[in-house]
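Thank you all for coming.

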Amino acid sequence: MLDVFLVQMDCGGFDKVRTLLSNVNLQKKNVADGQVNGLIVLPEMFVTGYIPQNPFECAEEFDNADAGPTAKFLSELANETGCAVMGAGIGKGFQGKLYNHSSVYLPGQSVEYAGYNKVHPFFPEIENFTAGDGVNLFKINGWKISSTICYDLRFPELFREAVKKGAQLITVQAAWPKVRLEHWETLLKARAIENQVYIAAVNGIDGNVKGGNSTLGGNSMIIDPQGKIISRGSGDCEEIVYNTLSDVALTQYRKEFPVLLGII
């Protein structure tokens with residue numbers, strides 16, 4: 001079992017995340033060594049918004065808790081909650097380029113546990129952001145998890161590659177516009193169904209997408225391996241979207257309907 005908490009929010013300071021989580025009965029549990037209380041997932045560029053006017057001024061390092069303010073916050077929040085925390089921001093790349101970066105911190109650890117750079121930069125990112133070089137895979141409480149970011153959702157081969165590597169849960173951290181919410185829901189369901197995985201997709205609200213006037217659409221959701229939405233956020237409210245995932249149910253469904261036979 002794995003508890004997942006999606007923090008649907010407008011961009012803002014770190015205190016906003018703590019305030020939203022304070023409304024959830026998130027108390028540290030007595031867990032076995034190497035285990036955590038759950039997984040907290042934050043939207044794409046949750047502090048700066050997508051994309052800040054000068055992204056280079058907002059670029060940070062994420063490899064350890066002293067590297068930058070966002071890494072420090074993720075590490076602190078992991079310690080405060082006893083959860084694994086997945087944040088996202090603008091990472092410093094090579095040769096003056098940037099990365100759209102996702103970073104995972106665990107309680108009691110001062111170094112980044114897992115990192116992922118967005119493989120498919122969206123159109124406004126192409127000038128300044130470098131594409132990542134592939135999927136990541138990491139374990140939390142025995143679960144094999146892979147990260148994706150927003151526009152990655154439109155590329156099914158990335159999700160299939162993650163499943164080939166063993167992914168049971170794939171996260172999507174997004175700044176997805178309201179005008180394309182039908183695409184958002186349809187693609188999320190498709191990625192869950194075709195790969196028989198849980199999808200945990202967190203989206204921002206309110207903030208405008210660079211290059212247009214599209215307000216972000218919220219509707220963060222958790223989808224089970226059969227494509228059923230088991231938790232869903234609203235379109236315009238800051239809130240926590242929560243559910244408990246069952247690896248037993250996932251394994252059983254894959255056995256009963258072996259779509260992935262010969263693939264994994």
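This is a predicted model: local features need pLDDT of at least 70, side-chain atom pairs count only at pLDDT 80 or more; totals for chains, interfaces and linings use all residues.

Residues are numbered from 1 along each chain as its sequence is written, and side-chain values use heavy atoms, with hydrogens and water left out.

Let me start with strand β8, residues 169-174, where six of the six residues are buried, buried meaning under 20% relative accessible area with a 1.4 Å probe and protein chains only. Strands here are DSSP runs of E with at least two residues, helices are runs of H or I with at least four, and both are numbered from the N terminus. Leu-169, Thr-171 and Gln-173 point one way from β8, while Ile-170, Val-172 and Ala-174 point the other way, and all are buried.

On one pairing, β8 runs parallel to strand β7, residues 143-149, over five bridges, where two strands pair if DSSP finds at least two bridges between them. Within this pairing, Ile-149 stands opposite Gln-173 in β8. To get from β7 to β8, the chain passes through helix α3, residues 156-164, in a right-handed β-α-β crossover, that is, with the strands pointing away from the viewer, the path from the first strand over the helix to the second runs clockwise.

Strand β9, residues 198-203, is likewise parallel to β8, and six bridges join them; Ile-170 has Ile-199 in β9 as its bridge partner. Here the chain crosses from β8 to β9 through helix α4, residues 181-195, and this β-α-β crossover is right-handed.

Terms used:
Buried means under 20% relative accessible area, exposed over 50%, partly exposed in between (1.4 Å probe, protein chains only).
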